[in-house]
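Here's a quick briefing to read alongside the model. Have the viewer open and follow along.

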Amino acid sequence: MTDLVIVGGGPAGLTTALALDAARPGRASEIVVLERARYPREKPCAGAVGRRGDDLLATIGVRVDVSGVPISGMALGAAGTERTARTGTIGRVVRRLEFDAALAAEVRRRGIRVVEGAKVESLMHRGDGASARVDVVTDGAVFTAPFVVGADGVGSVARRALGLPGATMLAQVLEVDTPAVAGDRPRDLLYFDLHDRELAGYFWDFPTLVDGEPLVCRGVYQLRSGTSAAEGPPGPDLTSRLGARLAAQGLSIDACKRKRYSERGYVSRERIGDDRCLLVGEAAGIDPTTGEGIAQAIEYGVLAGRFLARVLQGRAEARGWGRELARSRLGVDLRVRSRLARAFYGDARPELEAMLVSGDSAVLAGSRHFGGKRHDLSTLGQVGWNIGRAWLEHQLHGVTRSRVGR
Ligand SMILES: Cc1cc2nc3c(=O)[nH]c(=O)nc-3n(C[C@H](O)[C@H](O)[C@H](O)COP(=O)(O)OP(=O)(O)OC[C@H]3O[C@@H](n4cnc5c(N)ncnc54)[C@H](O)[C@@H]3O)c2cc1C
């Protein structure tokens, strides 16, 4: 009998399958992954994988061996200045076309069934108590299991089946691959450009390797948040914004293949499952501040796979998934980033931006976090102190502004 059906074969779904198999060996054939596309399949993504993702995969014996660009640090441009920090290898830039296909091949190698070209259309709960089942209906067949994982990304069908809101933190993202130009940062750095304050987001330049050719992936991230982000004001036009930035770099957006997509940010008060279905990765929500989601998808997958092993052994209940996430390192990280997104892209931005580039501590801490490296207390203390100071300054400026306005 099938124990688990996983909807979606991106990093979150594939890692869930691998982690469950690692925690409960010998039952791989009872796990099914349904993927609507066929590998190798494209996924719009700049492909920067934090080393903490690769390190976590290594804990379940998985190594994704694909070409990429090693990354040793970050550069951050804001408030007319720039800060750079290098902290040893903190990750790599891969092509999702290759990365996801290699991960899926590893899943198959372990005896787990991956059904490609299977587009899930609906999920139907039937029965009660211990005999309850979920029918997962695809365009060609019905798969039945006691538990289902929704790992089907930003447009998640599983999420809709749970009756959850489409997105209260939805980002629009546009990216292109171009040749390198004079002024690009060294190829071991991820560059974030926060200078355009009309964006609730940023531009990026990441080194990338496309069919062996060293190129630069450039893009723009714009967060829209509210009770129904998808229906809120449209925000700045991303094509003209990115076009203007490329023009300033001596490039033409018209000469580039544009890839446009959305991302779902994590919102802590929202449910991420019920007694039969668990959401992971972008179906649940990833970092809304930067839109980073690959390492989070892997973290979700490892946590969910281990949790499901306990559920299937009768040692935990699936409805406890929300609590499991909340008390995990990933849950704490997502809550912090969700709050940060609201503060940073709100009216405290000038002070917080000035804080970010007032020294090296913020970019150093960000770089270490991305790489899964241990933080040193003095850097963290400095960041905490700077945030406190920035917040105080924001409050004082707020008072001054309102007095001036009277
Ligand atoms: C332009 C852009 C740039 C980005 N850059 C980065 C970056 O540099 N670093 C980073 O960490 N993150 C980045 N992200 C975020 C990252 O791509 C995602 O957060 C990550 O892919 C989430 O993984 P996932 O497995 O949850 O979902 P996905 O990778 O979206 O996988 C979902 C899978 O489900 C399948 N699926 C969907 N619907 C169905 C269905 N109905 N039936 C069956 N299968 C289905 C899809 O085909 C897909 O394979 C970027 C995102 C965008 C849009």
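Two residues are in contact if their C-beta atoms, placed from the backbone, lie within 7 Å. With that in hand: Pro 11, Leu 14, Ala 17 and Leu 18 in helix 1 meet Asp 100, Leu 103, Ala 104, Glu 106 and Val 107 in helix 3. Bear in mind that this is a predicted model, where local features need pLDDT of at least 70, side-chain atom pairs count only at pLDDT 80 or more, and totals for chains, interfaces and linings use all residues. Residues are numbered from 1 along each chain as its sequence is written.

**Domains**

- The protein chain is assigned domain 1 (4-47 + 96-167 + 266-337), domain 2 (169-264) and domain 3 (338-405); the bounds come from an automatic or database domain assignment.
- Taken over C-alpha atoms, the centres of domain 1 and domain 2 are 28 Å apart.
- Between these two, 13 residues of domain 1 are in contact with 19 residues of domain 2.
- The domain 1 side of that contact has 7 nonpolar, 5 polar and 1 charged residues. Here Ala, Val, Leu, Ile, Met, Phe, Trp, Tyr, Cys and Pro count as nonpolar, Asp, Glu, Lys and Arg as charged, and the others, Gly among them, as polar.

**Around the ligand**

- There are 37 residues around the ligand, and Gly 8, Gly 10, Gly 153, Gly 281 and Gly 293 come nearest.
- Helices (H or I, at least four residues) and strands (E, at least two) are DSSP runs, numbered from the N terminus.
- By class, the shell splits into 18 nonpolar, 10 polar and 9 charged residues.
- Domain 1 and domain 2 each supply at least three residues to the shell.

**Helix packing**

- Helix 1 and helix 3 (residues 96-109) pack at about 25°, with axes 10 Å apart. Axes are lines fitted to C-alpha atoms, for helices over the stretch in contact, and angles run from 0 to 180 degrees between N-to-C directions.
- That makes helix 1 and helix 3 roughly parallel to each other; angles under 35 degrees count as roughly parallel, over 145 as roughly antiparallel, 65 to 115 as roughly perpendicular and the rest as oblique.
- The contact of helix 1 with helix 3 involves 7 nonpolar, no polar and 2 charged residues.
- Helix 1 passes helix 3 in a left-handed crossing. A crossing is left-handed if the near helix is turned anticlockwise from the far one by less than a right angle, and right-handed if clockwise.
- The axes of helix 2 (residues 51-59) and helix 6 come within 8 Å and cross at roughly 25°, so this pair is roughly parallel too.
- Arg 52, Gly 53, Leu 56 and Leu 57 in helix 2 meet Ile 294, Ala 295, Ile 298, Glu 299 and Val 302 in helix 6, a contact with 6 nonpolar, 1 polar and 2 charged residues.
- Helix 1 and helix 6 pack at about 35° with axes 7 Å apart, and their crossing is right-handed.
- The contact of helix 1 with helix 6 divides into 14 nonpolar, 4 polar and 1 charged residues.

- Most residues other than glycine have a negative phi, and most peptide bonds are trans.
- A cis peptide bond joins Tyr 39 and Pro 40, with omega about -5°; Pro 40 sits in the loop between strand 2 and strand 3 (48-50).
- Ala 79 isn't a glycine, yet has a positive phi of about 50°. Look for Ala 79 in the loop between strand 4 (69-78) and strand 5 (81-93).

Notes
A residue is near a molecule or strand if its C-beta atom, placed from the backbone, lies within 6 Å of it.
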